Amino acid sequence: MNKKLLSEADIKEKFITPALIKSGWDEHTQIIREYSITTEFAWINVDVPSTYSQQFGSKQQGGFIDIVQPILNRTMLGWEKATLNVACRLEYVDWNVGKFNETGGNIGEDLWSVVSAISFRPNSQTVIRLNYRLLKQRDILSNPPSITDGFNFGISTYF
């Protein structure tokens, strides 16, 4: 085996982690694996004409947090340095922040979702991903949320 051709993740998996376990470290509580967290939140003010009804929100907010954990880094299906990841994404959007002028009640129209995913990256420029999304969405009157769920499959490439 030519160690110069191994990635950093390969070296950790083949040499460093086994040495730590052999010396008495607990793989599940003392060895921390790498993961990435991406997050974004936005608060938006929209210039809506005063002649429009309250259903057109002048204030909106939302964001997400995306946590990705590589679970396997190695040559897979002929691709060197391919990665298999699991992910969890939490999302929230309120399309109409505020209160009704007439009643003072909260304007609804928000949604939140939880997404679990598994993805395969044959290289750094391509990802094949399967998502399962559970989505809850309320209407403008804040009625009990409708619940939608389903699977998404996608292929992305960057150039």
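Me: Is Arg-138 buried or exposed, or does the residue fall in between?

Reply: Arg-138 is partly exposed, with a relative accessible area of 22%. The structure is a predicted model, in which local features need pLDDT of at least 70 and side-chain atom pairs count only at pLDDT 80 or more, while totals for chains, interfaces and linings use all residues. Residues are numbered from 1 along each chain as its sequence is written, and side-chain values use heavy atoms, with hydrogens and water left out.

Me: Which residue forms a salt bridge with Arg-138?

Reply: A salt bridge is a side-chain nitrogen of Lys or Arg within 4 Å of a carboxyl oxygen of Asp or Glu. For Arg-138 the partner is Asp-110, and the closest N and O atoms are 2.7 Å apart. This pair links distant parts of the chain, 28 residues apart: Asp-110 belongs to strand β4 (residues 110–123), and Arg-138 to the loop between β5 and β6 (146–157). Strands (E, at least two residues) and helices (H or I, at least four) are DSSP runs, numbered from the N terminus. Asp-110 is buried, at a relative accessible area of 5%.

Me: How many salt bridges does a search of the whole structure find, and which residues are linked in a network?

Reply: The search finds four salt bridges. Asp-66, Arg-89, Glu-91 and Arg-133 are linked in a network. Glu-91 is buried, at 17% relative accessible area, whereas Arg-89 is partly exposed at 21% and Arg-133 is partly exposed at 25%.

Me: In which sense do β1 and β2 pair, and over how many bridges?

Reply: Two strands pair if DSSP finds at least two bridges between them. Strand β1 (residues 36–45) and strand β2 (residues 59–76) pair in the antiparallel sense over ten bridges; Glu-40 has Phe-64 in β2 as its bridge partner. Strands β2 and β3 also run antiparallel, joined by 14 bridges, and Arg-74 stands opposite Ala-82 in β3.

Me: What is the phi of Leu-77, and where is the residue found?

Reply: The phi of Leu-77 is near 50 degrees, a positive value in a residue other than glycine. Leu-77 is found in the loop between β2 and β3, in a hairpin with two residues between the strands. Leu-77 is exposed, at 75% relative accessibility. Glu-109 likewise has a positive phi, near 65 degrees; this residue lies in the loop between β3 and β4 and is partly exposed, with a relative accessible area of 25%.

Me: Which residues is Tyr-158 in contact with, leaving aside its neighbours within four places in sequence?

Reply: Contact means heavy atoms within 4.5 Å. On that basis, Tyr-158 is in contact with Arg-121, Gln-125 and Val-127, once neighbours within four places in sequence are left aside. Tyr-158 lies in the segment after β6 and is partly exposed, with a relative accessible area of 43%.

Terms used
Buried < 20%, exposed > 50% of the residue type's maximum accessible area, 1.4 Å probe, protein only.
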